[in-house]
Amino acid sequence: MAELALLTPGGAPDAPLTVLPALELLPHRLRVLELDPAELLTGPPPGLVLIDATRALVQARTVARTIDAMQLDCPVIAVFADGGLVALDEQWPITDFVLTGCGPTELAARLRRASASPPAPHVAAPTATASPIQVADVEVDEASWMVRAGGEPLDLTFKEFELLKFLVSHPGRVVTREQLLHEVWGTDYYGGTRTVDVHIRRLRAKLGPERESLIGTIRNVGYRFARAPRSVTDGGMVE
């Protein structure tokens, strides 16, 4: 009997019924967790991870890439809706995929095949060897899931990390709150843009007073990470 973990938005206990109903017909122990890779670090380590990619495709792909970078050495299977397969490309470091409506026989075969083979995604995944992104003295290393400012590591939540990574990846570009919600929280997130403001405020606090203005506010539009600040110590940075 395999130990499975299903990562799904909200982590609702009844999620298997809507995400992958065939799970209910198989003799596996299943934990349903929030769609956040940090959840896998609590409780017993799973023998196989299922990622719900039926709705929040952007978030699901990010979670798959983060799990790959964490090198948990367990197979990962993404669950897609029919229309979602168009998003499946080489940026998904997963062992296999299933469709949400697959039957128990097919699901059992895919689980068995994935579990029998050593996980290899992180060997070939580009994110595992990607160079850190650096602007000013802020460095975001997606491979190690680490952020450093002035050489010192920052303690960020998963969403804070993803938000900062997106901003640093597009220095000098103005991005709206709606764009950030789409890229970081996913298309199925129902919260308002106030969520972005709260996370930006927390990021600035963690960056510290000498770097907080690296994240500039564009009034009535959104935010911008500074392209080339003049200094992180003299207060002469762009807004």
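Predicted model: local features only at pLDDT ≥ 70, side-chain atom pairs only at ≥ 80, totals over all residues.
Q: What makes β6 and β9 edge strands?
A: The open sheet of 4 strands has the order β6-β7-β8-β9, with antiparallel pairing. In this sheet β6 (133–135) and β9 (152–153) each pair on one side only, and they are its edge strands. Helix α5 packs on the sheet and touches β6, β7 and β8, its direction making about 115 degrees with that of β7; such angles run from 0 to 180 degrees between N-to-C directions, with axes fitted as lines to C-alpha atoms, for helices over the stretch in contact, and contact means heavy atoms within 4.5 Å.

Q: Which strands form the open sheet of 3 strands, and which are its edges?
A: Its order is β10-β12-β11, and the pairing is antiparallel. The edges are β10 (174–176) and β11 (215–218), each of which pairs on one side only. Neighbouring strands here are turned against each other by 30 degrees on average, direction ignored. Between β11 and strand β12 (residues 222–225) the antiparallel pairing extends over 4 bridges, and I215 stands opposite F225 in β12. Helix α5 (residues 158–169) packs on this sheet as well, touching β10, β11 and β12, with its direction at about 65 degrees to that of β12. Helix α6 (residues 177–185) touches β10 and β12, and its direction makes about 80 degrees with that of β10.

Q: How do you know that β1 is parallel to its partners, and is the strand mostly covered or mostly uncovered?
A: Strand β1 runs parallel to strand β2 (residues 29–34), to which 6 bridges join it, and A5 has R31 as its bridge partner in β2. Strand β3 (residues 48–53) is joined to β1 by 4 bridges, again in the parallel sense, and L4 stands opposite L48 in β3. Strand β1 (residues 3–8) is mostly covered, with 5 of its 6 residues buried, where buried means under 20% relative accessible area, exposed over 50% and partly exposed in between, computed with a 1.4 Å probe on protein chains only.

Q: Why is the pair of W145 and F161 called edge-to-face?
A: Rings of Phe, Tyr and Trp (its six-membered ring) pair if their centres lie within 6.5 Å, and planes under 30 degrees apart count as stacked, over 60 as edge-to-face and the rest as tilted. The centres of W145 and F161 are 6.1 Å apart and their planes stand at 85 degrees, so the pair is edge-to-face. Because W145 lies in the loop between β7 and β8 and F161 in helix α5, the pair ties together parts that are 16 residues apart in sequence.

Q: What makes a set of residues a nonpolar core, and which members of the largest one touch the most others?
A: A nonpolar core is a set of buried Ala, Val, Leu, Ile, Met, Phe, Trp, Tyr and Cys residues joined through side-chain atoms within 4.5 Å. In the largest, of 27 residues, L163, L164, L167, L180, I215 and F225 touch the most other members. The largest share, 6 residues, comes from α5. Beyond its neighbours within four places in sequence, L167 is in contact with V175, L180, I200, I215 and F225. A second, separate core has 20 residues, including L35, V49, V63 and W92.

Technical notes: Residues numbered from 1 in each chain as written. Heavy atoms only, no water. Pairing = 2+ DSSP bridges. Helix = DSSP H or I, 4+ residues; strand = E, 2+ residues; numbered from the N terminus.
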